[in-house]
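Hi,

Here is the structure I said I'd pass on.

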Amino acid sequence: MGDRPSLGDALAPSVARRFGVVPLRFDGDVLVVAAAVPPAADELTAIEAVAGRDVRLVLLRGDEVARLQHEMYGSPADVRPGRYAAGEATASADATFQRRLAASAGLEFTDLPPEEVEVEAALLITERLSRQLRVVATSASVADGTVRVAVAQPFDADALRLVEAITALRPVQVLAPPARIDAAIDEAHAAARVARARERDPEPRRRLGELLVEAGVIDEPSLRRALALQRRTGEPLGRALLALGLVGQDRLAATIALQLRLPYVIDVRRDPRPEVLALVPENVCRTHRLLPLEVVDGVLVVAMADPLDEDAGRALRAAVKIPTRLAVASDATIGATLERLYAPLYVELSTTELLRRRPDESAYRVLSGRQTVAAIATAAVALAGLVLAPTATLTAAMVLSILFYSAIAVYKFILVYRTVDHVPELAVAADELALLDDRHLPHYTILVPLYREAVMVRQLVDAINALDYPKEKLDVKLLLEEDDHDTIAAVRSHRLGPHFRITIVPDAHPKTKPKACNYGLLHARGEYVVIYDAEDVPDPDQLKKAVLAFRRSPPRVVCMQAKLNYANRDQNLLTRWFTAEYSQWFDLFLPGLDATRAPVPLGGTSNHFPVAKLLELGAWDPFNVTEDADVGIRLARSGYRTAIIDSTTYEEATSRVYNWIRQRSRWVKGYVQTWLVHMRHPVRLWRELGPLNFVSFQLVVGGTALTMLLNPVFWGLTSLWALTEAGLIREIFPGVVYFAAAGNLLVGNFLFTYLNVAGALRRGYDDLVRYALFSPLYWALMSVGAWKGFLQLVTRPSYWEKTVHGMARVDASTPASGAIAPERSGRRAEPGTLFWSGPTSGPSGP
Amino acid sequence: MSPIAAREPRVRRSQRTPPVAPRGRARRLLGREAVGVFATAYAFYAAVGLYTTLVLHVVVGDAESRLAHAFFVWWNEPAKLSAIGFVWPPVQTLVLLPLALVRPFATSLAALPLTSAVFGAGLLVLVDKALAHGGVERRLRWAIVAAFGLNPLIVFYAGNGMAEIVFLYFLTAAFALLVRWTRDQRWQDPILIGFAFGVGILARYEVAAWLPLAVAGIATVLARRRASAARIEATLIATLTPVVYAVLLWVYLNWSLTGKPIAFFTEQVPGAAPLRSHGASLVLDALVLQLKIFPLTLAVAFVALWIGARRRAPLGLVLGLALCVNPLTTAVLVLRARDPILLQVRYNLRAVPLVLVAAAWLLGLVAPARRRLAALALLALLAASIPVTAATMLRSEHVLSEGFFLDGLIHGRDQDGRVSPLGTRLSIRDEREMAAFVKRHVRGGDTVLTDDAATFGVMLADGHPARYFDRIDRGDRVWSEALRNPVGRAQYILVKRGAVRANAANAFDRIVERYPQLGRPNGPKFARLAHANRTFALYAIEGLR
């Protein structure tokens, strides 16, 4: 932007008078103009093009506008010739002059016979502008992106920019006699007026589609397509048009403004003043997509994406005590402005909301005061016991451990038996899905936290687009970290549909997935919300299944957990074991928990919530690295339930050992965090969950982590005994203790191994069954990860061990991984690419 | 449509009842029905069992031995899991562990019927479900279940605490699951079949004879359905893994605790008696015995084989062969052991409940219009087999206590002291009398040196195994050392008199083997007879080391 001109030069007087506007001031680089009657959208575009800068419109009374025009430009007789008043200067030129002019300017000349002017093209420029500029569009080619315009005098660059702004096509000018241009304008617009008159709607307000067709933005077949979609989904026409990609958000907002005769706010480059913002509460703005812009003469001008939204109108009237006047801005403009204005508040809300509302349920602190005392006391007693009666103390520890192991084994066996004997998942048949009426489907928010995952963007977009759900009812939020420039660039380089929204999460501690999800949740517009990771490929019908499952379930069910599994199971031995473990966890164990109505530690993705319920629960704990497991327990404590739906999301199994250990260390750390958080008040937990679920929590959350930590101890003792038959071991395993330990070793280990076999079999992964038999080797890795996570809990409790993804080699022939595009086969991420992700399941081995 | 259904031309499509797993309400009703059947059957078997055990004193020595060793697991000092023994299959003892924990249940022997009734009732539930899946209407189904459940052999074994009913339950469960899997292809059924065989084999080793049939059935059915090689492999791995692990675990335990990994297999039968019969006649004997025990067996086997061959239905062949395996197994075992004692009725029960599973499957193939008639015929045949079985129990030379059971029930007579055609004597009173003497006169732990394999009845009746210095306490090596020089190691020696012959080597008293002249003038001088009855003798050890 060049130097700022004086206000009088900012807008040619003729233009200002023709459009009924007057420049008021500069607001940064934005020219604020006042109007009594809001100009049409394309006229506003023209004004901006003429002014060479963004224009913000404020409304003033008509006499005030006239007075200001007079003060600035003098009386109409004093009007200085504007840059675009060329028409008058050439009105008397004859064809010969025009030919010579064309030749000297290197332009084509035409006599402009009537058949050369296509009415549709001519209507791209409004009649008023056409006459003012003495220009008529004769033809347009969307394919070339050009519009051929007949002008009376060669246009300079500004004028061409004006035409381009109006038509959204690159102008190619030809010279024509002015009289012929006038005639062509008359003819084209007269024909259009007649056509409009014939089709005039009895309602005074013109229809949106009609306006768009008239402006040449869409054609009739496109409109019919959008109307058909509207009928099918029950969504407003605007959303249908957006969903079909027929119109952009800005164009839509401008046309709505035109339709409703409201000002259109192209952009908000300068923030509204704080006192103006304070007039409307932030939550009203966020919930109803409102943006207070300015107070003019005691009237608050508020921009809205949908001025016909009655709920928003009511909320606005209830919240604001002064008169308001509406303007229209695109949803994206409002959203981006709100996020810019309220970023610090949103960060605070997404970070500290749970801590503020339920401090005892936040993992902000690892141990509470009482827990610290209890831990020290336990350690002291154990130490004293080891000094005074080492054998008895060790025996007591063994007994406790064995009892715990046995309880876990028995409980897990019971849960799996429930799954084997019943089908506890909420199954939705294909014909039920087919009967779903799209009009009755709720809006759905999909949160996709991304961090350094540029390589996954294409797959992610494809997977979301493959969902069988009306796109106009989707609100997909790509949550990008502010410092992650690569992913931001990658996302912006993709052609995202209108259902995608990019949300930049400001850089702030803790930099965790739950914080990003909370940030996104604040802006969720759906009735339901689900989280997917970047590499997730959900079953296409998952959202519909979740909706149906919610409808069928009692109100207490506030979470639907889809099953997770891996698409790259055949990549190597690690992915095979990992997949077998996942199959066991999600296909046998969690359904068993569901069947017994026990608290379900949720998997990291594909958990579906009603937004209101999730907000009521305080959303995710940003300090907990298994926030999903935590929220599963929290909802159970609040008397709610989780159900498992028979739908799968395919992910990428970590295929490298160190990466796998990092991921597992985070999961175990998170499970310990979750256990500690909820055990701050054991009695309260007992009361809230009930005795059975309290025990289940101990065995599932506490037991999962503890078994992984204890396994190496017992393997070590067993090896020592086998090699040396050391007397100490004989002493600490007397009689019954020895039998119980042997039972655990021989029967428990077999059962846990076999559960992986069963999981693979149930999932239909026949090729994994033989590998599942060797799961005990995999448990050793689990314990390494567990100890890493446990130690990290002391040093860096909220540190998020990111998992490197994008290394999957997916064989296109692999069954059940067909959801992954075959062209991904063999593709690898750039070295060092880090990924969040991964469900926080804690499958355990004895 | 399955290949089997595709080859059923004689039944009109409209008449055929598709083999569909019960769903929703039907499933819940079937669940409630199972509870009802189980509760009724359990109450009946437990009541009959308690009466015959506690009042009529019909107690099979093997059952008492398993209970005694289950009791020793908890009450020995120190408690020892190895007390379950390593010759006979361990599940027989393991199932008795829960009730053996309660001393009065064990010492009174009430634990025996109370435990076996669980498996007897479970067996009837399996039969009931198999018939339900075969499309037999409810009342008729119940009648058939009752006719089967009232068969005197089933009543006897469901109430006597023997291992027979345990392995019958698991074997029947395996084949009932196989039928269900063939029909419904439920992913979990091969797993459950595997576990049923795994536990079944550890309840009675011969159950392994049916495993190849089941595995072949699974593989054939999958191959007929054009399943992938990976699917066949996975299914077989899932089926066989529990079996292989169970056997390996047992081998390992034997190896680690006795040093003889497969002694349970090689030493189970000693070949004590010469065998004069040859293979063919043995098979014939076994077939005849089969007919006498449960005449329906061979008839149903024939029909299943015929249907299987005619319709190329693998399941028909598998079930038919499963019914024929029993006499073959008996013949092989007798030949291997060279001991005709294995022709006992108890060893030939194996296929009896399988008959009902096969019959239920066959009924499912019959058109609904004729199914009722067929089911009525089955009911009549089952009812008719009751007297046949009863007659065999009373008159056969191959019975142990079966005849005492019926005799006791019919006449209400106490059977204690009676000797079976095979030479075993019921000796509950002797055990209790000796136990009472020991309790009155012997104090302290490890005071009575005894071979628990022979005197378990006394130890159990006493209720304080810590009093006895037996082979369980510190193992055979230490016990044998004590046996070589008992003076100073114990105060008494308890032996079983007469070396009553049983079917296993360790049923003989090793003290009597070591000191055959014990108590006689020319016997060891350190022993003085303290007390004796018809079955047991207690000697006081005298002298200095």
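Why is strand β6 (residues 146-151) of chain A largely enclosed by the rest of the structure? Keep in mind that this is a predicted model. The reason is burial: 5 of the 6 residues of β6(A) are buried, so the strand is largely enclosed by the rest of the structure. For that count, a residue is buried if 20 or more other C-beta atoms lie within 10 Å of its own.

Now for the neighbours of that strand. Strand β5 (residues 135-141) of chain A runs antiparallel to β6(A), and 6 bridges join the two. If you want a pair to click on, Val136(A) has Ala150(A) in β6(A) as its bridge partner. The hairpin of β5(A) and β6(A) has 4 residues between the strands, and Gly145(A) there takes a positive phi near 75 degrees.

β6(A) also pairs with strand β7 (residues 170-175) of chain A, this time in the parallel sense and over 6 bridges. In that pairing, Arg148(A) stands opposite Val172(A) of β7(A).

The other thing to look at is where chains A and B meet. Chain A puts 16 residues into the contact and chain B puts in 17 residues. On the chain A side, α33 (735-763) and α34 (769-772) each supply at least two residues. α33(A) gives the most to that side, with 10 residues. Sorted by class, the side of chain A that touches chain B has 11 nonpolar, 1 polar and 4 charged residues.

Happy browsing!

Notes
Residues numbered from 1 in each chain as written. Chains lettered and ligands numbered in written order. Predicted model: local features only at pLDDT ≥ 70, side-chain atom pairs only at ≥ 80, totals over all residues. Buried ≥ 20, exposed ≤ 12 C-beta atoms within 10 Å, placed from the backbone. Pairing = 2+ DSSP bridges. Contact = placed C-beta atoms within 7 Å. Nonpolar A, V, L, I, M, F, W, Y, C, P; charged D, E, K, R; others polar.
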